[in-house]
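I opened this notebook to record what I looked up.

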Amino acid sequence: MRLAVDAMGGDRGPRVVVPGTLRALAKLPADTQIAFFGQEERILAACRGDLPARVTIEHAPDEVSMHESPATAVRRKPDSSLARALRQVKEGQADAILSAGSTGAVVAGGLLALGRIGRVQRPAIATLFPTDRSRCVVVDVGANSDCKPSHLLQFAAMGAVYAHIHLGLPRPRIGLLNIGEEESKGNELAVSTHALLRDSGLNFVGNVEGRDVLAGRTDVVVCDGFVGNIVLKFGESMLRFLTRQVRSEVRRSWRARIGALLMRPAFLELRRRIDYEEEGGAPLLGINKVVIIAHGSSSERAIENAVQLAAKLVANDLPRQTSELLQEIGAHVSGDPEKSPSGPA
């Protein structure tokens, strides 16, 4: 396995991406290799020692900034770290790509360079949310602002495969994010999607409301990227908000400080459960290769976990499993009873 890492991506570039990746490499199988793409001098400076034998550096003088037009930057900067990494994955010299750079550029680059899995109309970004029971996959969280019912049906299938591989669920429960549980609730998109999911053969449990996401009623929550991104950003902001509020209350009295000290282990465990850095990255589902998008402000720990996620999805051949389930769903919806979904659905 060879993983291509965009070393220049993210707010702090190689200073975080390189050491985080090397921490992950130390925990991966001995035949795993890493290829860093970016400015060689900066990558070497971030290594904090000798370069491991399993690591290579592919010099790329340019980088894609967060403020550039995604599609334009990918086309006009063929020597950027992102473009060169994508090119090696396309050519089969690497099995996956990870970048903490511009989400739009990674999505555009993945589509242009690697292409979609057969039958996939739109790729989707999936992320994990903590729940009262465990975790759930929310998809799409930002790749597609405007969607059709058939897109959301495919998001459900792709999310089910991801939940099967990453969460170990043999038959993930799928819910459609809506403003009510009744089939007739919601806008035209939600009503039409509900009918498709109901007849798809997937393990569809119906509509779920915003309050149900963290309650763990489903394993996969399906929505368009506009709604999903708002949910994601609001969830991330809540962690910071609650942290600030707790600190403010603790400073009010010495009794509160003592109580906080006693509760510290519980607070740390809670933070671990709801911290996005525990996952590190979000996969771009529906692409012919494994593509992992890391948060722009990722720490070394987040990058480490994102690299491990990439390796796990490559080892389990995420694109192949996704393609197989989409074929089954297509046959089932078209009325072929011999090919109804029987796998991670």
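I sort residues by class first: Ala, Val, Leu, Ile, Met, Phe, Trp, Tyr, Cys and Pro count as nonpolar, Asp, Glu, Lys and Arg as charged, and the others, Gly among them, as polar. This is a predicted model, where local features need pLDDT of at least 70, side-chain atom pairs count only at pLDDT 80 or more, and totals for chains, interfaces and linings use all residues. Residues are numbered from 1 along each chain as its sequence is written, and side-chain values use heavy atoms, with hydrogens and water left out.

**Entry: cavities**

Rolling a probe the size of a water molecule over the atoms shows where empty space is left. On a 1 Å grid over the protein atoms alone, a cavity is a set of points where a 1.4 Å probe fits but cannot get out; a pocket is an open set with protein on both sides within 12 Å along at least five of seven lines; lining residues have an atom within 4 Å of a point. Grid points are joined across faces, edges and corners, and a volume is the space filled by probe spheres set on the points.

How many cavities of 30 Å³ or more are there in the whole structure? I found two.

The largest cavity holds about 50 Å³. I listed its lining: Gly-9, Gly-10, Asp-11, Arg-12, Gly-13, Val-16, Val-17, Ala-100, Gly-296, Ser-297, Ser-298 and Ile-303. Six of these are polar, four nonpolar and two charged.

The second largest cavity has a volume of about 30 Å³. Around it I see Leu-3, Ala-4, Val-5, Ala-96, Ile-97, Leu-98, Val-307 and Ala-310. Which classes make up this lining? I counted eight nonpolar, no polar and no charged residues. Strand 1 (2-6), strand 4 (96-99) and helix 11 each give at least two of the lining residues. Helices (H or I, at least four residues) and strands (E, at least two) are DSSP runs, numbered from the N terminus.

**Entry: second largest pocket**

I put the volume of the second largest pocket at about 180 Å³. It has 13 lining residues, and Leu-177, Asn-187, Ala-190, Asp-224 and Val-227 are the closest to its centre. Strand 7 (174-177) and helix 7 (188-198) each supply at least two lining residues. The classes are nine nonpolar, three polar and one charged.

**Entry: helix packing**

Two packed helices are described by the angle between their axes and the distance between the axes. Axes are lines fitted to C-alpha atoms, for helices over the stretch in contact, and angles run from 0 to 180 degrees between N-to-C directions. Angles under 35 degrees count as roughly parallel, over 145 as roughly antiparallel, 65 to 115 as roughly perpendicular and the rest as oblique. Contact means heavy atoms within 4.5 Å. A crossing is left-handed if the near helix is turned anticlockwise from the far one by less than a right angle, and right-handed if clockwise.

I began with helix 1 (residues 14-25) and helix 11. Their angle is about 50° and their axes are 7 Å apart. They are therefore oblique to each other. Their crossing is right-handed. From helix 1, Arg-15, Val-16, Val-17, Pro-19, Gly-20, Thr-21, Arg-23 and Ala-24 meet Glu-300, Arg-301, Ile-303, Glu-304, Val-307 and Gln-308 of helix 11. I sorted this contact into six nonpolar, three polar and five charged residues.

Next came helix 6 (residues 149-167) against helix 11 (residues 300-315), at about 110° with axes 10 Å apart. That angle makes helix 6 roughly perpendicular to helix 11. Tyr-162, Ile-165 and His-166 of helix 6 touch Leu-309, Lys-312 and Leu-313 of helix 11. Four of the contact residues are nonpolar, one is polar and one is charged.

Last, I checked helix 4 (residues 81-90) and helix 5 (residues 103-114), which pack at about 35° with axes 10 Å apart. Helix 4 passes helix 5 in a right-handed crossing. The contact residues include Leu-82 and Leu-86 of helix 4 and Gly-109 and Gly-110 of helix 5. By class, seven are nonpolar, two polar and one charged.

Which peptide bond is cis, with omega near 10°? I noted the bond from Val-139 to Asp-140. Asp-140 sits in the loop between strand 6 (135-139) and helix 6.

Arg-119 is not a glycine, yet has a positive phi of about 85°. I placed Arg-119 in the loop between helix 5 and strand 5 (124-130).

Asp-317, also not a glycine, has a positive phi of about 50°. Asp-317 lies in the loop between helix 11 and helix 12 (318-333).
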